[in-house]
Amino acid sequence: MKKQRGAVGFVVFTAVTLAAPAGVAAAAPAPAADAVSAAPGRPTDNLYMSLGDFEDATSGAAPEVKAMIDRADIGGVQVVAPWKALEGKKKGEYTWSRLEQALRYLHQRHKKLFVQVQDRFFDVAMADAGVPQYVKDAGGVAPTVDENPDNPTTHGAMAAQWNTEVRADFQALLKAMARKFDGRLAGVNLPETAVDVDTATDRTGYTSSSYIDAEIATMRYGKKVFSRTPFVQYVNFLPDDDDHRRMKEMFDLARDKKIGIGGPDTLPDRPYQMENSYKFLHAYKNVLPLVAMAVQEPDVHATDPRTGEPYTRERFTDFAHDYLGARQLFWTPEAEWLRTPPA
């Protein structure tokens with residue numbers, strides 16, 4: 001498999017033909033009678049950054065990013081919060097002060113807070129993965145590998161969600177977080193589904209099937225506990241799912257249970273994306289409660305297949321809204337348009 005790294009994750013390029021797999025197009029849903037159609041006009045623009053970067057900006061350490069947060073055309077911030085930042089060394093001991101501070105800062109400025117709860121980490125040593133120490137001590141972290149042909153191979157780690165105890169601990173975090181913040185946040189999302197566990201060194205019992213089963217279980221659970229806050233699962237690629245049967249299962253669940261769907265990268269007309277989650281986002285956009293997409297740092301430097309030049313802001317926005325049905329866009333502060341004062 002070939003991959004393209006993202007700012008917080010990687011995108012798995014699965015070798016597929018440009019023709020849709022048999023049955024997928026026919027299985028795409030017709031808009032239901034109670035469907036929520038894509039919002040008219042532009043999606044709401046928000047900033048995308050780690051919790052630490054947000055704190056640097058608001059403390060004044062990154063004044064140019066702080067100015068971006070205060071722009072009138074920015075609706076809020078999506079912060080990526082590692083599991084370890086929310087739960088300390090002791091199991092069940094949660095720390096909410098950093099999210100409370102972020103929420104207070106943004107609310108004072110009439111901005112919204114979205115939180116991505118992160119359980120997978122890229123280009124880091126296993127020991128540095130942002131999961132609680134007790135999870136690491138119990139062997140609940142799996143090694144991942146990113147074999148991007150354009151860059152040196154890198155390694156990372158993720159929580160072994162297919163392990164029932166690890167998954168229970170992560171779901172307990174979501175439940176506690178919902179008890180504290182449900183109805184107060186603009187949205188909560190789980191990270192991208194693209195994963196490549198290094199099976200040569202893994203000791204957690206990973207299989208692609210058990211991994212996807214675990215993603216679906218937590219997707220269901222998150223929606224259950226966040227009853228008053230939009231809950232979103234990022235879906236981009238799935239391992240060993242060339243017929244897209246499991247991806248369709250996730251989109252059907254999202255439609256039926258009113259779970260939002262999104263993705264870590266917006267790359268208009270890129271063939272691998274178009275033949276994976278993008279075609280599902282397009283087919284389901286009128287029956288999903290929310291579509292939220294990120295424009296990460298690599299995306300703003302990627303080449304538009306239509307022009308041979310870097311994507312423009314308008315191209316990102318038009319594709320995200322018109323084709324994917326996005327209502328929220330999360331922009332890296334590296335986007336050039338954010339460095340120009342709004343008109």
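The legends below describe close-up views of aromatic rings in a predicted model.

**View 1. Phe 114 and Phe 330 form an edge-to-face pair.** Rings of Phe, Tyr and Trp (its six-membered ring) pair if their centres lie within 6.5 Å; planes under 30 degrees apart count as stacked, over 60 as edge-to-face and the rest as tilted. The whole structure holds 17 aromatic pairs. Here the centres are 5.0 Å apart and the planes stand at 70 degrees, so the pair is edge-to-face. Phe 114 belongs to strand β5 (residues 112-118) and Phe 330 to strand β13 (residues 328-331), 216 residues apart. Strands (E, at least two residues) and helices (H or I, at least four) are DSSP runs, numbered from the N terminus. Phe 114 has 6% relative accessibility and counts as buried; Phe 330, at 2%, is buried as well. Buried means under 20% relative accessible area, exposed over 50%, partly exposed in between (1.4 Å probe, protein chains only).

**View 2. Trp 162 and Tyr 206 form an edge-to-face pair.** Their centres are 5.0 Å apart, with 75 degrees between the planes. Trp 162 lies in the loop between β8 (154-159) and α7 (164-181), and Tyr 206 in the loop between β9 (187-190) and α8 (208-225), so the pair ties together parts 44 residues apart in sequence. Both Trp 162 and Tyr 206 are buried.

**View 3. Arg 313 lies over the face of Trp 337.** The distance to the ring centre is 3.5 Å. A charge sits over a ring if NZ of Lys or CZ of Arg is within 6 Å of the ring centre and within 35 degrees of the ring normal. Ring pairs link Trp 337 with Tyr 311, Phe 316 and Trp 331 into a cluster.

**Notes.** Residues are numbered from 1 along each chain as its sequence is written, and side-chain values use heavy atoms, without hydrogens and water. In this predicted model, local features need pLDDT of at least 70, side-chain atom pairs count only at pLDDT 80 or more, and totals for chains, interfaces and linings use all residues.
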